[in-house]
Amino acid sequence: MKWKNQIVNLHAYQPGKSIDEVKKMYNLKEIFKLASNENPYGFSNKVKKILDEDSSSTFSYYPDGYATNLREEAAKFLGVRPTQLIFSNGTDELLQIISKALLEPGKNTVMAYPTFSQYKHNAILEGAEVREIPLIDGNHDLDNMLKALDDQTAIVWLCSPNNPTGTYITNDKLMKFLQQVPKDILVVLDEAYYEYVDADDYYDALSLLDNYQNLIVTRTFSKIYGLASFRVGYGIASEEIISTLEPVRQPFNTNVLAQKVAMEALKDQEFVAKCATLNKKEMERFYAFCKKNNLHYYPSQGNFILIDFQCDSDEVFTFLLSTGYIVRSGKQLGFPTSIRVTIGTSEQNSGVMTSMEAFLEKQALKAKNI
């Protein structure tokens, strides 16, 4: 086969282990998944009502490729024009659409490291040069990212809050950065965890779109809205950017049911606010746990926390797995001695912290016997 050279050594995205897989592996009856930053509180009752009542016979027809009803609802909620929106099969597809539209051999793209892996993955697929700028104390090094830009740079990626560190870009730093980025370079501002942010100095991305015609903001229904299985992501940008990206999008990329539940989820902002409040409360418990056990962590504006155990992260991962908790090993994320833990319910968090303490005790005994 005449495969592209760039895919020969490329690995498929590795999601966390499934609940059924871990149950069989360790013969456990109950498993808690805290690996993929899903909403532990599920989704809005408005969504549940749609799922319980919808007996539509339209499933034999193709969905509305333009997602008209969802588009209008989202535009009204966000305060933008419907033509400023693009919808996708999860944000993952949108990132791929952007890469396909702009990247090719001879072009380059700039991003932080470590950050969300799909930026780099998509760039490699398109044969573009990847320029990774190391984080400074978990934060984007915007000054050096600017220095990495040149005439062949097509995209610069900003993840705020950043996955996997949970850190964010402040309003002042973002303004300074955007003012210096050449207008022919697309700035992708990935806000997958936007609804969890409560920092006072966080920016208002949508208010920047009129002044920065080279900016696109990406968001998702997979995180706080609890609709990860339905795969609905979206981008907000100038009409010129959206109209240029639309031909790259697959014709029927969001399905009928996904469009309906996303519309209903958007209407229940009370549920969103409740989840954000619970997340913040439980996050504080993790901070206290880390301080008590002298574990380094990054203060997070997402629904996850990266904790450094100062040992092979696979050891922590495997131990927690054996006790019924699926977390994410930092090895795949660029932090080989850390684990990333999704903030769960109070009960789930208490359980995983108990297991973490058991691991620390085991490590202390091991060190004593050496």
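The second largest pocket holds about 340 Å³ of space. A pocket here is an open set of points on a 1 Å grid over the protein atoms alone, where a 1.4 Å probe fits, with protein on both sides within 12 Å along at least five of seven lines. Its volume is the space filled by probe spheres set on the points, which are joined across faces, edges and corners.

This is a predicted model, in which local features need pLDDT of at least 70, side-chain atom pairs count only at pLDDT 80 or more, and totals for chains, interfaces and linings use all residues. Residues are numbered from 1 along each chain as its sequence is written, and side-chain values use heavy atoms, with hydrogens and water left out.

Lining residues have an atom within 4 Å of a point. The second largest pocket has 19 of them, and Glu38, Asn39, Pro40, Gly226 and Ala228 lie nearest its centre.

The largest pocket has a volume of about 1,200 Å³. It is lined by 45 residues, with Tyr13, Phe116, Ser117, Gln118 and Arg328 nearest its centre.

I turn now to the sheet. Strands pair if DSSP finds at least two bridges between them.

Arg219 has Tyr234 in S8 as its bridge partner.

Definitions and conventions: Helix = DSSP H or I, 4+ residues; strand = E, 2+ residues; numbered from the N terminus.
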